Amino acid sequence: MTVARSLLLFVLAALAEIGGAWLVWQGWREHRGVLWIAGGIIALGCYGFVATFQPDPHFGRILAAYGGIFVAGSLVWGMVVDRFRPDRWDLIGAGICLVGVAVIMYMPRR
C-alpha cells in the first residue's frame, strides 16, 4: 500500500509541476495572458505541497527520485498535450530514470 500511495503522489506531483510549468509557458511564450501564468504559479505551489505527503521523511531522497518521474512525465505530457514524438533515446533515457526512481525509493533498507 505504501508503494502505491507513493507512486500516486509522484503522479500528482508531476501533473502539478509539469502542468504548472506548461501553463506559465503558454501564458508567456504563447502570449495567452496573465491568467494562464497565474494558474501555472498556483499549480507549481500545489506541487510543492504534494511532495510533503510522501511517506519517506528525507527531502533529498524524495526530490532525487521525483527527478526521474519528472523526466518520464515530461515526455508523456509532451506526447499527450503537444503531440511530441519522443525518439528511442528519449524513451531509453526515461526508462533509465524510472529504474533510478525504483532504486532510490523502493529498495529495502536496513
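**Close-up views of a predicted model**

**View A. Val76, Met79, Val80, Val81 and Phe84 make a nonpolar surface patch of about 420 Å².** Nonpolar side chains are joined within 5 Å. Areas come from the Shrake-Rupley method with a 1.4 Å probe. Phe84 lies in the loop between helix H3 (59–81) and helix H4 (88–106). Helices are DSSP runs (H or I, at least four residues), numbered from the N terminus. Phe84 is partly exposed, at 37% relative accessible area (buried is under 20%, exposed over 50%, partly exposed in between).

This is a predicted model: local features need pLDDT of at least 70, side-chain atom pairs pLDDT 80 or more, while totals for chains, interfaces and linings use all residues. Residues are numbered from 1 along each chain, and side-chain values use heavy atoms, without hydrogens or water.

**View B. Gln54 sits in the loop between helix H2 (34–50) and H3.** Gln54 is buried, at 6% relative accessibility. Its side chain makes a polar contact with the side chain of Ser6 (2.7 Å); such a contact pairs N or O atoms within 3.5 Å, one able to donate a hydrogen and the other to accept it. Beyond four places in sequence, Gln54 contacts Ser6, Leu9, Phe10, Ile62 and Met105 (heavy atoms within 4.5 Å).

**View C. The largest nonpolar core has 14 residues.** Phe10, Tyr66, Ile69, Val101 and Met105 touch the most other members. Helix H1 (2–29), H2, H3 and H4 each supply at least two core residues. H1 gives the most, with 6. Core residues are buried and nonpolar, joined through side-chain atoms within 4.5 Å.

Methods:
Patches are made of residues with over 30% relative accessible area and no salt bridge: like charges are joined within 9 Å, nonpolar side chains (Val, Leu, Ile, Met, Phe, Trp, Tyr) within 5 Å. A salt bridge is a side-chain nitrogen of Lys or Arg within 4 Å of a carboxyl oxygen of Asp or Glu. Buried means under 20% relative accessible area, exposed over 50%, partly exposed in between (1.4 Å probe, protein chains only).
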